[in-house]
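I opened a notebook page for this chain. Below are the entries, in the order I looked things up.

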Amino acid sequence: MSETLISVIIPVYNAAPYLERCLASICAQSFECLEIICVNDGSTDDSAQILECLAAKDARIRIISQANAGQSVARNAGLSAACGKYVGFVDADDWLDRDFYQKLYQAAVDSSAEIVQCGFKAVSADKSKCREFVPGKYEGFVSCIRALGGGFVWNKLYKRDFLSACGLSFTEGLIFEDVLFAVEAIYRAGRIIIIGGSGYNYFSNPESTVNNGALAVRRQTDSLKVVRRLLDFAVRENLSAEEELALKGFICAQMVQPENLSSKSEYETYLRLLGAHPLLKRKYRRALRRKIFNFFTIFGRKNGCLCF
């Protein structure tokens with residue numbers, strides 16, 4: 001087999017309905033010098049058997065099996081096993097356009113960048129929405145954090161030696177561990193290359209952690225934990241006032257959702273942490289309007305009338 005240039009890491013937990021689509025899209029990449037590391041995180045469905053079947057057809061697929069420990073542990077296991085010069089992450093229910101890694105790799109080589117990213121398509125059962133970012137070379141934490149557009153790791157390619165030298169790994173036991181990883185990575189790199197187009201297809205899976213209603217309370221709790229860790233990071237790294245303000249803007253945009261602001265006390269918690277950021281105030285007003293609307297909608301249904 002040719003030299004491994006990209007290691008693709010896929011955490012797998014009960015992803016049987018989506019695995020073949022995901023791995024078929026990776027195996028069919030126009031960029032062939034890659035290894036595909038599938039970390040079976042204690043799946044209880046047919047995921048293990050599907051992985052074995054697919055690995056028998058493509059020697060680039062490697063399987064790591066572990067007791068269920070969560071996505072961050074699975075990603076870290078994949079990082080430890082990776083051999084490629086670059087590392088990419090894919091979620092097991094997503095899929096890639098054929099030239100996704102070819103474009104990212106070429107941009108990384110041409111620019112000698114530690115991190116390269118592109119846009120993506122958010123796909124649900126009934127619609128698809130493309131999200132692209134302004135192409136360019138961004139340097140300095142302020143410029144990078146404003147261009148990042150979210151704490152996603154799956155629409156990027158990372159230089160593996162860079163991750164290793166910085167000791168970067170995923171914080172275990174948190175739902176939003178990728179946000180911490182993405183922010184610290186761009187801070188350490190000090191530069192990010194964004195290319196045009198979108199080649200990653202992000203599937204809005206109703207059963208995923210992001211959409212699982214049963215995990216709503218944990219999402220809120222973990223979101224606040226991640227916010228505090230990001231602010232601790234700012235203190236630890238002695239960020240300048242401008243860098244800290246840019247980080248707080250990122251936190252307001254990406255981490256503070258309406259469900260995080262369902263009460264005045266929760267809003268005041270974020271207010272103490274982030275200060276009177278205008279985006280935080282706007283989101284709180286939006287959360288209040290949603291809460292009032294939901295109340296009158298439920299009230300109207302119970303009383304047989306339509307309320308606006």
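Where does Asp58 lie? I found Asp58 in the loop between α2 and β3. Helices (H or I, at least four residues) and strands (E, at least two) are DSSP runs, numbered from the N terminus.

I note the source. This is a predicted model, with residues numbered from 1 along each chain as its sequence is written. Local features need pLDDT of at least 70, side-chain atom pairs count only at pLDDT 80 or more, totals for chains, interfaces and linings use all residues, and side-chain values use heavy atoms, with hydrogens and water left out.

**Asp58**

The classes are buried under 20% relative accessible area, exposed over 50%, and partly exposed in between (1.4 Å probe, protein chains only). The Asp58 side chain makes a polar contact of 2.9 Å with the side chain of Arg60. A polar contact is a pair of N or O atoms within 3.5 Å; within protein, one must be able to donate a hydrogen and the other to accept it, and residues adjacent in sequence count only if both atoms are side-chain atoms. I also took the C-alpha separation of Asp58 and Ile36, which is 9.5 Å. These two are 22 residues apart along the chain.

**Helix α2**

I moved to α2, residues 47-57. Its buried residues are Ser47, Ile50, Leu51 and Leu54. They sit on the same side of α2 because they cover an arc of only 100 degrees around the axis. The arc is that of the directions from the helix axis to the C-beta atoms. An α-helix has 3.6 residues a turn, so residues three or four places apart point the same way. Glu52 and Ala56, on the other side of α2, are exposed. The cover over the buried residues of α2 includes β1 (6-12), α1 (16-27), β2 (34-41) and β3 (61-66). Contact here means heavy atoms within 4.5 Å.

**Helix α3**

Next I looked at α3, residues 71-81, which is mostly covered. Eight of its eleven residues are buried, among them Arg75, Asn76 and Leu79. Their cover includes β1, β2, β3, β4 (86-89), α6 (160-166) and α7.

**Core**

Which residues touch the most other members of the largest nonpolar core? I get Ile10, Ile26 and Tyr101, in a core of 98 residues. Helix α7 (residues 177-189) gives the largest share of this core, eight residues. A nonpolar core is a set of buried Ala, Val, Leu, Ile, Met, Phe, Trp, Tyr and Cys residues joined through side-chain atoms within 4.5 Å. I listed partners of Ile10 beyond four places in sequence; they include Leu23, Ile26, Ile36, Val39 and Val90.

**Positive phi**

Most residues other than glycine have a negative phi, and most peptide bonds are trans. I noted two positive values at asparagines. Asn14 has a phi of about 45 degrees and lies in the loop between β1 and α1. Asn14 counts as partly exposed, at 27% relative accessibility. Asn238 has a phi of about 55 degrees and lies in the loop between α8 (216-236) and α9 (241-254). Asn238 counts as exposed, at 66% relative accessibility.

**Whole chain**

The chain has eleven helices and ten strands. Of its 308 residues, 50% count as buried. The C-alpha trace spans about 65 × 50 × 35 Å along its principal axes.
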